[in-house]
Amino acid sequence: MAIVGFARRKKSDEEFRRDLEEATRKFSRQAVRDEIWKTLRNRSFNHQSEFGDESGYKRLAKRLDEIDKDHGTRGNRLFYFAAAPDQFEPILKHLKAAGLNDTCKGSWSA
């Protein structure tokens with residue numbers, strides 16, 4: 001498993017990981033187990049783009065392919081965007097244009 005944040009704000013993977021850890025430790029209903037966090041931390045990444053920027057989704061597709069290769073995630077992808085309803089259409093359009101709605105044999109995408 002890997003987590004890739006998609007945001008307008010420019011943030012390094014390291015900054016994203018730090019913020020994710022801080023929020024996880026602050027809001028988790030269970031104690032955060034450091035050995036599990038260490039693995040998850042190293043599989044968390046940030047991708048900077050605008051929802052309406054088609055080229056950002058193409059860069060995302062390349063990055064996800066690299067993550068698949070490096071971390072064995074096999075093309076399995078779940079997309080969750082915290083976005084206003086008026087952004088749903090352009091997001092879905094750009095996911096499709098970048099081929100991110102397609103799946104490889106034996107993988108899933110939702």
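Select A110 to begin: this residue is exposed, with a relative accessible area of 58% (with a 1.4 Å probe and protein chains only, buried means under 20% relative accessible area, exposed over 50%, and partly exposed in between). A110 sits in the segment after α4; helices (H or I, at least four residues) and strands (E, at least two) are DSSP runs, numbered from the N terminus. Before you move on, note that this is a predicted model, in which local features need pLDDT of at least 70 and side-chain atom pairs count only at pLDDT 80 or more, while totals for chains, interfaces and linings use all residues. Residues are numbered from 1 along each chain as its sequence is written, and side-chain values use heavy atoms, with hydrogens and water left out.

Now show what surrounds A110. Leaving out residues up to four places away in sequence, A110 touches R77, L78 and F79, where contact means heavy atoms within 4.5 Å.

Next, select S109. Like A110, S109 lies in the segment after α4, but S109 counts as partly exposed, at 24% relative accessibility. Residues up to four places away in sequence aside, S109 touches R77, F79, L100, N101, D102 and T103.

Which residues line the second largest pocket? Select F79, F81, F88, I91, L92, L95, L100, N101, S109 and A110. The volume of this pocket is about 170 Å³, and its lining has 8 nonpolar, 2 polar and no charged residues. For these classes, Ala, Val, Leu, Ile, Met, Phe, Trp, Tyr, Cys and Pro count as nonpolar, Asp, Glu, Lys and Arg as charged, and the others, Gly among them, as polar. A pocket here is an open set of points on a 1 Å grid over the protein atoms alone, where a 1.4 Å probe fits, with protein on both sides within 12 Å along at least five of seven lines; lining residues have an atom within 4 Å of a point. Grid points are joined across faces, edges and corners, and a volume is the space filled by probe spheres set on the points.

Move on to the largest pocket, with about 1000 Å³ of space. Centre the view on I3, V4, G5, F6 and Y80, which are the closest to its centre among the 27 lining residues. Then colour β1 (3–7), α1 (13–27) and α3 (54–71), each of which supplies at least two residues of the lining. The largest share, 5 residues, comes from β1. By class, this lining has 18 nonpolar, 4 polar and 5 charged residues.

To see the contact, select E14, R17, L20, E21, T24 and R25 of α1 with D34, W37 and R41 of α2. This set divides into 2 nonpolar, 1 polar and 6 charged residues.

Follow the chain to N42, in the loop between α2 and β2 (44–48). N42 is partly exposed, at 40% relative accessibility. Beyond its neighbours within four places in sequence, N42 is in contact with R17 and H71. From N42 to A2, 40 residues apart in sequence, the C-alpha distance is 8.5 Å.

Finish at R74, in the loop between α3 and α4 (88–97). R74 is not a glycine, yet its phi is positive, about 55 degrees. Most residues other than glycine have a negative phi. Is R74 buried or exposed? R74 is exposed, with a relative accessible area of 62%.
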